[in-house]
Amino acid sequence: MTDFWPLVVFAHVLGAIIWVGGQLTVTAVLLPEAHRLLPPGERASLLRAVGRRFAVLTFALFVPLQLVTGVALAAHGSLGWSALLRPGDELTARIDAARRRAHMRLHTATHLLCALVPHPVDGCSITAAHARLDFHTAEPLDKAALSAGIARLVAEAHPVRHRWISEAELDANPQLVRSMSVQPPRGQGRVRVLEIEGVDLQPCGGTHVANTAEIGTVVVTKVEKKSAMTRRVILGFAEAAAGRG
Ligand SMILES: [Zn+2]
C-alpha cells in the first residue's frame, strides 16, 4: 500500500492541471480564433456550447475528483506544512500523554495475553482504544478465563523492564520470538527484550508500563474465529467495554 498515496497526489495534481489547462486553452486559443473567424451570432452560440460543456465536465468529473482526492489526502496527512518537511529539519515533538498511557497499558496487556495463550502469534494491532492478537491455533479460547488471567497478573504487580541481548543470544534462544511473521530488526548487534518478571520474556520495541499493576482493568472484549487456524483476541479497557453495554 506504500505506492497508493503518491498515486492519489498524482491524480489530484493532474486533475487540477487539466482543468486549469482547459481554461487557458479556451481563453488563449479558442476565444481569439472564434472572435476572428466567426460572425457574432455563431460566435455567441459556440461560446455558450463550450461553456456548457466545460461546466458539465467540471461538475461531473473535476469537482468530484478534487473533492475525493483532496479530502482523502487531508485526512491522511499528506497535505499541510508537514508534507513539506525535508530530512534534517529540526522538529519539536509533543507526546499526547493520555494516548501514550493507553498504548502503554494495552501493549503491556498483550504481553500478559501472550503468557496466557501458549500458541504462536500470527498478527497484532494496537490502538489507543483496543489491541488485538491473532493466535495460530485451532483450539477455542475462553474469553472470561483470559480476562480473569489478565486481572490476576495485573493484581500480582509484576515488574516490567527491558534490557538488551546480543543477536547471538537471540539466535541461541529462537523460542523467545513469539511472532510467526515478524522478526526483531537485525543489524545493530543487539536486540531489545521486554521482561515481565516470571511472566513473559520476548523481543519487543514497544511502549510499556513499569509494572503490570499500572495496566489497570483491561479485559478481553471479543474472541473470534478468523480462520481454521486463527483465533483473534481483542482487548479493551473495562470502562469502555462497560460503556458500550
Ligand atoms: Zn512489548
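Leaving aside neighbours within four places in sequence, which residues is Leu-116 in contact with? They are Leu-146 and Gly-149. The model shown here is predicted, and this report starts from that residue and then turns to the rest of the chain.

**Around Leu-116**

Leu-116 lies in helix H3. A residue is called buried when 20 or more other C-beta atoms lie within 10 Å of its own. Leu-116 has 20 other C-beta atoms within 10 Å, so it is buried. Between Leu-116 and Ala-145 there are 29 residues in sequence, counted as places apart, and the C-alpha atoms of the two are 9.6 Å apart in space.

**The nonpolar core**

In soluble globular proteins, nonpolar side chains tend to be buried together. The largest nonpolar core of this model has 20 residues. Those that touch the most other members are Ala-109, Leu-113, Ile-150, Val-218 and Leu-235. At least two residues of this core come from each of helix H3 (97-116), strand E2 (130-136), helix H4 (143-155), strand E6 (218-227) and strand E7 (230-237). H3 gives the most, with six residues.

Leu-113 shows how these elements meet. Not counting residues up to four places away in sequence, Leu-113 touches Leu-133, Leu-146, Ile-150, Val-233 and Leu-235.

**The paired strands**

E7 pairs with E2 and also with E6. E2 and E7 run antiparallel and are joined by seven bridges; in this pair, Asp-134 stands opposite Arg-232 in E7. E6 and E7 are also antiparallel, with eight bridges, and Val-218 stands opposite Phe-237 in E7. E6 and E7 form a hairpin, with two residues between them.

In the loop between strand E5 (200-203) and E6 is Gly-206. Gly-206 counts as partly exposed because it has 16 C-beta neighbours inside 10 Å. Gly-206 is 152 residues from Phe-54 in sequence, and their C-alpha atoms are 54 Å apart.

After H2 comes Gly-77, whose phi is positive, near 90 degrees.

Are these helices buried or largely in the open? In H1, the number of buried residues is zero out of 34, so H1 lies largely in the open. In H2, the number buried is one out of 37, so H2 also lies largely in the open.

**The two domains**

The domain assignment of the protein gives domain 1 (4-84) and domain 2 (97-243). How far apart do the C-alpha centres of domain 1 and domain 2 lie? The distance between these centres is 51 Å.

Key. Residues are numbered from 1 along each chain as its sequence is written. This is a predicted model: local features need pLDDT of at least 70, side-chain atom pairs count only at pLDDT 80 or more; totals for chains, interfaces and linings use all residues. A residue is buried if 20 or more other C-beta atoms lie within 10 Å of its own, exposed if 12 or fewer, and partly exposed in between; C-beta atoms are placed from the backbone. Helices (H or I, at least four residues) and strands (E, at least two) are DSSP runs, numbered from the N terminus. Domain bounds come from an automatic or database domain assignment. A nonpolar core is a set of buried Ala, Val, Leu, Ile, Met, Phe, Trp, Tyr and Cys residues joined through C-beta atoms within 7 Å. Two residues are in contact if their C-beta atoms, placed from the backbone, lie within 7 Å. Two strands pair if DSSP finds at least two bridges between them.
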